Amino acid sequence: MQNTQNTNPQMIFEDTELQPSPLHSFNIDRRKFFKILGSGVAVAFILNDSVAGGILSDSNIADESPLSAWIHIGENNVITIFTGKVEVGQNIRTSLAQAVAEELRVNVNTIQMVMGDTDLTPYDRGTFGSLTTPTMAPQLRKAAASARELLRELAATEWGVDKSSLKVENGGILNPKNKQLKTFGEISKGKKLIKNIDESAVLTPSEKWTIAGTSIPKVNGDHFVTGRHKYVSDMQLPGMLYGKVLRAPSFEAGVISVDLSAAKSMAGVTVVHDGNFIGVAAPDGKTAEKAISQIKADWKITPQPSRDEIFDYLVKNSEDRNAVESKGNIKDAYDEASVKSEQTFYVDYIAHAPLEPRSALAEWKDGKVTVWTGTQRPFGVQEELTNAFHISKDKVRVIVPDTGSGYGGKHSGDAALEAARLAKAAQKPVKVVWTREEEFTWAYFRPAGVITVKAGANSNGMLTSWEFHNYNSGGSGIETPYEVPNQEIKYHPVKSPLRQGSYRGLAATANTFARECIMNDLADDLKIDQLEFRLKNLKDERLRDVLVAAADKFGWRKTNPGQHHGYGIACGEEKGSVIATCAEVMHDPSGGDVKVLRVVAAFECGAVINPRH
């Protein structure tokens, strides 16, 4: 999905993503681009000011110059795209390839994507916050457009014609006057040219898309359904051992004493005790499990609030930060309101439960560790490994094969740290695959939260007061799109008693739910139709449009819902996209069950790169 909002990835990460802390800590220049891929032309971010412009020959680039390449077009006609983004089931391998193919006028099948490899791809803060399509796709499109114009310039120079007379089509440059065609590979043959991204490069408008905007099948989709794709848990290396970790009985528990003797006496087993980390590496999984079961440890337990105490704990231990939005006098406006609603909403800690549990395969060679793992932040995991082993980043390579889902739950490198620590001790490759039980217990959770809302409206159906507080679960989507003259909106962070981190949709899910429930309560008290009440208090044209569209398709209030049936409507905005949803539900008075009969949603996010995905 492509939206036109300008976004700052760093601010989005800091403000709405909840970064989990590493699970373990221990007491212990990129290779030349053309040497890897051969001759051709490349488009890159060149970070050295002395080589920041124009077309540069390889000899002009100093050995120490940092180079982040995005696109390479080889003399074999292979187009290689480099991005630190990772594929975790959201199909960006397909959609990003489409975005590039559109600007280069080539078939998607001619493009190979190199993703999430800290030795090969440009630095990327991570695949999070729904940022890949709004930020990375336009950047790759600019890189592709820059490459397209570079190839046209080269062909025009070779043929002695004006660049504007040449066409780019079918993976080549065409001279319409004499029908001469040269493929990209023929143009790039023998060259080692680098051009930095031209921010003014003209991109193809969405209404003229022929490749982007179409439902191209998932790249390598057959590999996943036939089992050909190798997840990290499928991978093997010669001499590889299998790792297991002794888990503490509770969060933040510390080792008091441990007896490793039984595990150490087992043939072929390596045992590691490093601080609170206790693990084994063995020739096979069963032996590793047996060895870990032989270790006896006493733990110091850190008291935590009980299930009944958790929500009070979050409110009492929260920070009182400046309001996200504050204006007017909420107290007086609330006191004078004709109708009022005050509600408290509770959000539980919830496991991410990705389809593929955490796993990692680590190998040390010549003082450098290479780790294959499923993570949303390969460069973040590289940094965790760097800090844990006190080595420089050039000694750490993280590679992310396409991964079986993340949902915001794979920002950290837990399994990577474990596999690397065991591999260092064993001096052999080690693979660690978490069990489903470990995933549910020891992976960080999406955060629990408490949301309190007080709101008022006058007899004319206009909102007058809005007070909204989110404790711990997050500030994403917290601001109200409705017009309210008096409002105070705050997100209150909390030092969570459980390990927590980001999650799919962030706090917008709960914040939107709470807001829309209050809107329904006020509409009911005013005896105003829910749709009418929203439209009276909403100036945002995009939200108004989706509300009207959803209501129209649903047949809002045009038919009698019947006995034990009910209608509902809600809307929301997050990350530049807007949505409205209508639902018809039925209540069974005999059993108390509620059944959703039908849902109609109107969604608008800007141009869509792949409708089916």
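Is Asp119 buried or exposed? Asp119 is buried, with a relative accessible area of 14%. Welcome to this structure, which is a predicted model.

**Asp119 and its charged partners**

- A search of the whole structure finds 33 salt bridges, and one of them joins the side chains of Asp119 and Lys368, with N to O at 2.8 Å.
- This pair ties together distant parts of the chain: Asp119 sits in the loop between strand S5 (111-115) and helix H4 (132-159), while Lys368 belongs to strand S18 (residues 368-373), 249 residues apart.
- As a general point, side chains of opposite charge can pair when their charged atoms come close.

- Within helix H4, Arg152 and Glu149 lie three residues apart, which is about one turn of the helix.
- An α-helix has 3.6 residues a turn, so residues three or four places apart point the same way.
- Arg152 and Glu149 form a salt bridge, their closest N and O atoms being 3.0 Å apart.
- Arg152 counts as buried at 17% relative accessibility, and Glu149 is buried as well, at 16%.
- The two belong to a network of salt bridges that links Glu103, Arg141, Arg148, Glu149, Arg152, Glu153 and Lys163.

**Helix H11, an enclosed helix**

- Helix H11 has 12 residues and reaches 16 Å from its first C-alpha to its last, close to the 16 Å expected at 1.5 Å a residue.
- Because 10 of its 12 residues are buried, H11 is largely enclosed by the rest of the structure.
- Among the buried residues of H11 are Pro378, Phe379, Val381, Leu385 and Phe389.
- The cover over the buried residues of H11 includes strand S17 (359-365), S18, S19 and helix H12 (414-426).
- Gln382 lies in H11 (residues 378-389) and is buried, with a relative accessible area of 7%.
- The side chain of Gln382 reaches the backbone oxygen of Lys393 at 3.2 Å.
- Setting aside neighbours within four places in sequence, Gln382 is in contact with Thr118, Lys393, Val396 and Val398.
- Just after H11, His390 takes a positive phi of about 55°.

**The three-stranded sheet**

- Three strands make up an open, antiparallel sheet in the order S24-S25-S26.
- Strand S24 (565-574) and strand S26 (594-604) stand at the edges, each with a single partner strand, so one side of each has no neighbour in the sheet.
- From one strand to the next, the twist in this sheet averages 15°.
- Strand S25 (residues 577-587) pairs with S26 in the antiparallel sense over 10 bridges, and Glu584 stands opposite Arg598 in S26.
- Helix H16 (residues 541-554) lies across S24, S25 and S26, and runs at about 30° to S25.

**The five-stranded sheet**

- Five strands form an open sheet with mixed pairing, in the order S15-S23-S22-S21-S16.
- At the edges stand strand S15 (325-327) and strand S16 (339-347); each has a single partner strand, so one side of each is left without a neighbour in the sheet.
- The twist in this sheet averages 10° from one strand to the next.
- S16 and strand S21 (residues 449-457) run antiparallel and are joined by nine bridges, with Ser341 opposite Ala455 in S21.
- Helix H14 (residues 508-526) lies across S16, S21 and strand S22 (463-471), running at about 155° to S16.

Methods
Residues numbered from 1 in each chain as written. Predicted model: local features only at pLDDT ≥ 70, side-chain atom pairs only at ≥ 80, totals over all residues. Heavy atoms only, no water. Salt bridge = Lys/Arg side-chain N within 4 Å of Asp/Glu carboxyl O. Helix = DSSP H or I, 4+ residues; strand = E, 2+ residues; numbered from the N terminus. Buried < 20%, exposed > 50% of the residue type's maximum accessible area, 1.4 Å probe, protein only. Pairing = 2+ DSSP bridges. Axes fitted to C-alpha atoms, helices over the stretch in contact; angles between N-to-C directions. Contact = heavy atoms within 4.5 Å. Polar contact = N/O pair within 3.5 Å; in protein donor to acceptor, adjacent residues only side chain to side chain. Expected span 1.5 Å × (residues − 1).
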